[in-house]
Amino acid sequence: MVRYPSDSLDLPHMRVSYGEKLVSSSPVDSGDLDEASLADGWLPLFSQWLVDASEYVASDGGRIAEPNAMVLGTVDDEGFPATRTVLCKGADERGVVFFTNYESTKAQHISVNPFVSATFPWIALARQIHVRGRVEKVSDEETLEYWRTRPRGSQLGAWASHQSEPIESRELLLGALDRMAARFHDVDEVPVPPFWGGFRIHPKSVEFWQGRRNRLHNRLRCELGDGGCIVRVTRVQP
Ligand SMILES: Cc1cc2nc3c(=O)[nH]c(=O)nc-3n(C[C@H](O)[C@H](O)[C@H](O)COP(=O)(O)O)c2cc1C
C-alpha cells in the first residue's frame, strides 16, 4: 500500500488553542480589539498590523516570512473561484496595491469580474485582515515607480514569464530569461513590460480578526463608502 505523508498527520485533532502554551492568545495584543481602534478609519489599524507583522520576532528568533503576503481571491466568468498569494506593495486611503502580469489567470478573472478578496493570514500573531472590493489597474506612473525598486533579475523574470501559461520544461523558461538578459544587455533601466503592472483593491469592506480564548475571537467589520471612509463598523460573531 502506498503511504502518503498525510497518513502520519492526525488532522481532526490538529489544533492549537489561543491562550495556551504553544501560541499565546496574541503575542502582540495585551487587550481586546475594540471599535475605538477604528476611530480614524481602517488604514491606521491596517498599517499598524502590517508593521507589527514585519517587526515581530518570536521567542526563538523566528520572523514572519513575507509579512505583506495576502491570499487573493478572484472569480472567473463561470463563477468559479481561485486563490493565490501575492504581495501587498502599497496601501493608502484609496486601497491596497499588488503587482502582477496583466495576462495572468488572475488578471483574466479581474477583467470579467472586477471584484476580489484579499486575506492577510498572520497566524503567529493570532491576527487576520480580510479585504473585499472592486479592483482597478494603477496608473502607468505608479507601476513604473514600483518597477524601479525591483531587482534587475526580477525585472528580467517578469519579461521572461508568460505567467499562468503552460511551458514544456524549466529549461525553456531559463532560456527565455537568457534571451531577455541578452535583449536588455545594453540597457541601464529595463523598461516595464507592456503586460505587467499594478492593481488597486478599493475596499468595500475590511475585517479585522483577533484570536481569543475558547474560539471567542474578536471580529470587527468595517463597511466603507465611496470615499474610503467607514460608514459602519459591525462586531461579528466568531
Ligand atoms: C509568497 C508569495 C508571494 C507571491 N507574490 C506574487 C506577486 O506579488 N505577484 C504575482 O503575480 N504573483 C505572486 N506570487 C505567485 C502567485 O501566487 C501565483 O502563482 C501567480 O501570480 C499566478 O497566479 P494566477 O495564475 O492565478 O494568475 C507569489 C507567490 C507566493 C508564494
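These are my notebook entries on what I looked up in this structure.

**Basis**

I am working with a predicted model, in which local features need pLDDT of at least 70 and side-chain atom pairs count only at pLDDT 80 or more, while totals for chains, interfaces and linings use all residues. Residues are numbered from 1 along each chain as its sequence is written, and side-chain values use heavy atoms, with hydrogens and water left out.

**Domains**

I began with the division of the protein chain, which gives domain 1 (18–148 + 194–235) and domain 2 (151–188); these bounds come from an automatic or database domain assignment. I noted that the centres of the two domains, taken over C-alpha atoms, are separated by 30 Å. The contact between them takes eleven residues from domain 1 and six residues from domain 2, where contact means heavy atoms within 4.5 Å.

**Salt bridges**

I then searched the whole structure for salt bridges and found ten, a salt bridge being a side-chain nitrogen of Lys or Arg within 4 Å of a carboxyl oxygen of Asp or Glu. One of them joins the side chains of Glu-35 and Arg-235, at 3.3 Å from N to O. Glu-35 lies in the segment before α1 (42–55) and Arg-235 in strand β8 (residues 230–235), so this pair ties together parts that are 200 residues apart in sequence. For the helix and strand names I rely on DSSP runs (H or I, at least four residues, for helices; E, at least two, for strands), numbered from the N terminus.

I looked up the accessibility of both partners, taking buried as under 20% relative accessible area, exposed as over 50% and partly exposed as in between (1.4 Å probe, protein chains only). Glu-35 is partly exposed at 38%, and Arg-235 is partly exposed at 42%.

Next I turned to Glu-207, which is buried with a relative accessible area of 6%. Its side chain meets that of Arg-219 in a salt bridge of 2.8 Å, N to O. Arg-219 lies in strand β7 (residues 218–224) and Glu-207 in strand β6 (residues 196–210), so the pair ties together parts that are twelve residues apart in sequence. Arg-219 is buried, as Glu-207 is.

Glu-207 also forms a salt bridge with Arg-221, the closest N and O atoms being 3.7 Å apart. This pair again links strand β7 with strand β6, its residues being 14 apart. Arg-221 counts as partly exposed, at 31% relative accessibility.

I also recorded a network of salt bridges that links Asp-29, Asp-52 and Arg-127.

**Helices α4 and α5**

Two packed helices are described by the angle between their axes and the distance between the axes. I found that the axes of α4 (residues 152–160) and α5 (residues 170–183) come within 9 Å and cross at roughly 115°; the axes are lines fitted to C-alpha atoms over the stretch in contact, with angles from 0 to 180 degrees between N-to-C directions. Among the residues that meet here are Leu-156 and Trp-159 in α4, and Leu-177 and Met-180 in α5.

**Val-75**

My last entry concerns Val-75, found in strand β1 (residues 69–75) and partly exposed, with a relative accessible area of 25%. Not counting residues up to four places away in sequence, Val-75 touches Phe-80, Pro-81, His-109, Val-112 and Asn-113. Val-75 and Val-112 are 37 residues apart in sequence, and their C-alpha atoms are 8.5 Å apart in space.
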